[in-house]
Amino acid sequence: MRLVVAMTGATGAIIGVRLLEALRELEVETHLVVSRWARATIAEETPYTVREVTDLASVGYSPDDQGAAISSGSFRTDGMIVAPCSMKTVAGIRTGYADGLIGRAADVTLKERRRLVLLARELPLSTIHLENLLALSQMGATVLPPAPAFYNHPSSIADIVEHIVGRTLDQFGLDLPTVRRWGGMRQGAHPRAVTSPRDRHSMGDDSVAATA
Amino acid sequence: MPENRRITVAVTGAGGVGVSKRLLAALQDDDRVTHVDLLVSANGRKLVALEFGTQEDRDSVAQALGATSPKVRLLDPADLAGPVTSGSYPYDAMVILPCAAGVLGRIAHGLALDLIERAADVALKERRRLVLCLRETPLNLAHLRNMVSVTEAGAIVFPMIPTYYNAPETLAELQDEFAERVLQLLGLQRTDRYRWDGESTPARREHTGTP
């Protein structure tokens, strides 16, 4: 499998980094573009250098390289992930404003009807953001905001990131073994390690009394 | 009652920077305003140089705009990591005066290519007041559609159209009154001279010598 991965300047660079690691572990060929402002978030938010991040990919391109292989639909890939995806990138892809390689690669992905997954991160979302995201969804892109889940009882940021990365990989039929999948509501107590007795009481969890 | 208003002001590549100067003077003078973040786009600098007859560099432009108070901080519009890039940085309102049609278009589409457009994007998502003083005429269909989009998203489109009922005699008077109306929108009104009472305004009475 061959996937295009783009990192843009929204907060959450670590998600892109873990995604690249996971794809490497799964032996997926990755073609990576790191935007100007993703370089800044990598430096600001993670302990890695940009070089260490780009080394995780099979092939790397400059965000200004409009002649790169991935700028053409004739270069076959199985899809593209933008992680994290800024609202500016969302807007650019929606409007077809492909002034850089990331916008162009996404444009190509959509026209060739390959899967495009956007880890669109912004809070709150304005009307304009929502209109852009809606339009992208209607155009066939998958809008995958990197929001944490709690049913898998994460106990660290790494857990939260792992789950988001796992759900992203699911979009391409790739299985990350560390993902804790929902198998149905368990009857009985919640794991004690995660909630305090006060929390369980306020949630109205009567089953606690039975197991205490 | 003391207030601690933080205002973001952007000057972009359209005409009318004389009003920007008046607005900045008022904000610097107002004790209710504790901080102003000022961004002048590259084209905004060209317009300041053109209209004030100065050089285009950042320092000359800041001087020409009279942005000299220590409570004004000049931000680089090319620096997308600047303070106003994040909703977590608090400011109360943003004014883009003048607002070029291209800037309006990019804000309407969420295409935050520089820090000015990103700050406006942030204002909309945080539901803070965003006033766009568009200076453009005639308006093509794209301009009109973009004005509708930003209005639907919560912005106020405040075209730089003068009023006449105050019987202005000079450009300076027109600009003074426009600046005051923008300040009113920001909740920073300073004078009642332009208040219409059903028949006239104090400014009009002054100019026309009528009771």
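A residue is called buried here if 20 or more other C-beta atoms lie within 10 Å of its own, exposed if 12 or fewer, and partly exposed in between, with C-beta atoms placed from the backbone. This is a predicted model, in which local features need pLDDT of at least 70 and side-chain atom pairs count only at pLDDT 80 or more, while totals for chains, interfaces and linings use all residues. Residues are numbered from 1 along each chain as its sequence is written, and chains are lettered from A and ligands numbered from 1 in the order in which they are written.

**View 1. Strand β4 (residues 93-99) of chain B and its partners.** Six of the seven residues of β4(B) are buried, so this strand is largely enclosed by the rest of the structure. Helices (H or I, at least four residues) and strands (E, at least two) are DSSP runs, numbered from the N terminus. Strand β1 (residues 5-11) of chain B runs parallel to β4(B) and is joined to it by four bridges; look for B:V9, whose bridge partner is B:V95. Strand β5 (residues 129-134) of chain B is also parallel to β4(B), with five bridges, and here B:I96 stands opposite B:L132.

**View 2. The open sheet of chain A.** Six strands line up in the order β3-β2-β1-β4-β5-β6, with parallel pairing; strands pair if DSSP finds at least two bridges between them. At the edges stand β3 (59-61) and β6 (142-143) of chain A, each with a single partner strand, so one side of each has no neighbour in the sheet. Five bridges link β4 (residues 79-85) and β5 (residues 115-120) of chain A in the parallel sense, and A:C85 sits opposite A:A120.

**View 3. Helix α5 (residues 101-111) of chain A on the sheet.** This helix packs against the sheet, touching β1 (2-7), β2 (29-34), β3, β4 and β5 of chain A, and its direction makes about 135° with that of β4(A). Axes are lines fitted to C-alpha atoms, for helices over the stretch in contact, and angles run from 0 to 180 degrees between N-to-C directions.

**View 4. Where chain B meets chain A.** Here 16 residues of chain B are in contact with 18 residues of chain A, contact meaning C-beta atoms, placed from the backbone, within 7 Å. Helices α4 (101-109), α5 (115-125) and α6 (141-152) of chain B each give two or more residues to this side, with the largest share, three residues, coming from α5(B).

**View 5. Residues 188-212 of chain A.** Over this stretch pLDDT, the predictor's confidence in each residue from 0 to 100, stays under 50. Where pLDDT is low, the predicted coordinates should not be read in detail.

Terms used. Contact = placed C-beta atoms within 7 Å.
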